[in-house]
Amino acid sequence: MNIITLMKITFNEKQVEEVAKKILKTATFKTLCFHGEMGAGKTTLIKALVKELGVSSTTSSPTFSIVNEYFSNSGDLMAYHFDFYRLNDETEALDIGLEDYLYSNVWTFIEWPNKIEAYLPQETTNIYLEVLASNNREISIITK
């Protein structure tokens with residue numbers, strides 16, 4: 001299995017929208033897995049990605065609902081946003097129809113993908129967020 005680093009970016013919260021544009025332009029696959037500690041900025045980055053896709057509705061973390069669906073103003077499904085932080089067992093993801101979501105050919109953003117590793121498609125772009133300082137982050141975008 002080849003691991004390819006697509007890019008590494010250091011940014012602050014004022015630059016998050018520009019980073020979202022770069023991610024969407026360079027992501028090899030539409031399934032993006034976000035790795036990082038609590039508070040690293042996973043949800044903030046996903047909100048910027050959803051906005052960049054043209055979704056104008058309010059976005060939020062699906063911590064309790066597990067998945068949010070985002071639509072364009074014209075009603076087209078643009079993205080799914082998963083937060084698996086509260087999952088106790090990876091088979092719970094199957095109960096919500098994870099496989100249907102993953103193979104729907106729309107952008108899929110996944111927080112805490114380590115909770116469902118066995119079900120992730122091989123065609124995945126991994127984004128690792130690291131906190132450098134209170135307002136600075138570094139991301140590494142990697143495909144396998």
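**Exercise 1. Is Q15 buried, partly exposed or exposed, and where does Q15 sit?**

Step 1: Take the relative accessible area of Q15, which is 38%. Step 2: Compare it with the cut-offs: buried means under 20%, exposed over 50%, and partly exposed in between (1.4 Å probe, protein chains only). Q15 is therefore partly exposed. Helices (H or I, at least four residues) and strands (E, at least two) are DSSP runs, numbered from the N terminus. Step 4: Look across to N136, which is 121 residues from Q15 in sequence and 9.7 Å away in space, C-alpha to C-alpha.

A word on the model: it is predicted, so local features need pLDDT of at least 70, side-chain atom pairs count only at pLDDT 80 or more, and totals for chains, interfaces and linings use all residues. Residues are numbered from 1 along each chain as its sequence is written, and side-chain values use heavy atoms, with hydrogens and water left out.

**Exercise 2. Find the buried residues of helix α1 and say where they lie around the axis.**

Step 1: In α1 (residues 16-26), pick out V16, V19, A20, I23 and L24 as buried. Step 2: Check their arc, taken from the directions from the helix axis to the C-beta atoms. These residues cover only 135° around the axis, so they are on the same side of α1.

**Exercise 3. Describe how α1 packs against α2.**

Step 1: Read the geometry: α1 and α2 (residues 42-52) pack at about 65°, with their axes 8 Å apart. Axes are lines fitted to C-alpha atoms, for helices over the stretch in contact, and angles run from 0 to 180 degrees between N-to-C directions. Step 2: Name the arrangement: α1 is roughly perpendicular to α2, a term for angles of 65 to 115 degrees. Step 3: List the partners, with contact meaning heavy atoms within 4.5 Å. V16, E17, V19, A20, K21, I23 and L24 of α1 meet T44, L45, A48, L49, K51 and E52 of α2. Step 4: Sort this contact by class, which gives 8 nonpolar, 1 polar and 4 charged residues. Ala, Val, Leu, Ile, Met, Phe, Trp, Tyr, Cys and Pro count as nonpolar, Asp, Glu, Lys and Arg as charged, and the others, Gly among them, as polar.

**Exercise 4. Where is N105, and what is its phi?**

Step 1: Locate N105 in the loop between α4 (98-102) and β5 (107-111). Step 2: Read its phi, a positive value of about 65°, although N105 is not a glycine. Most residues other than glycine have a negative phi.

Terms used: Parallel < 35°, antiparallel > 145°, perpendicular 65-115°, else oblique.
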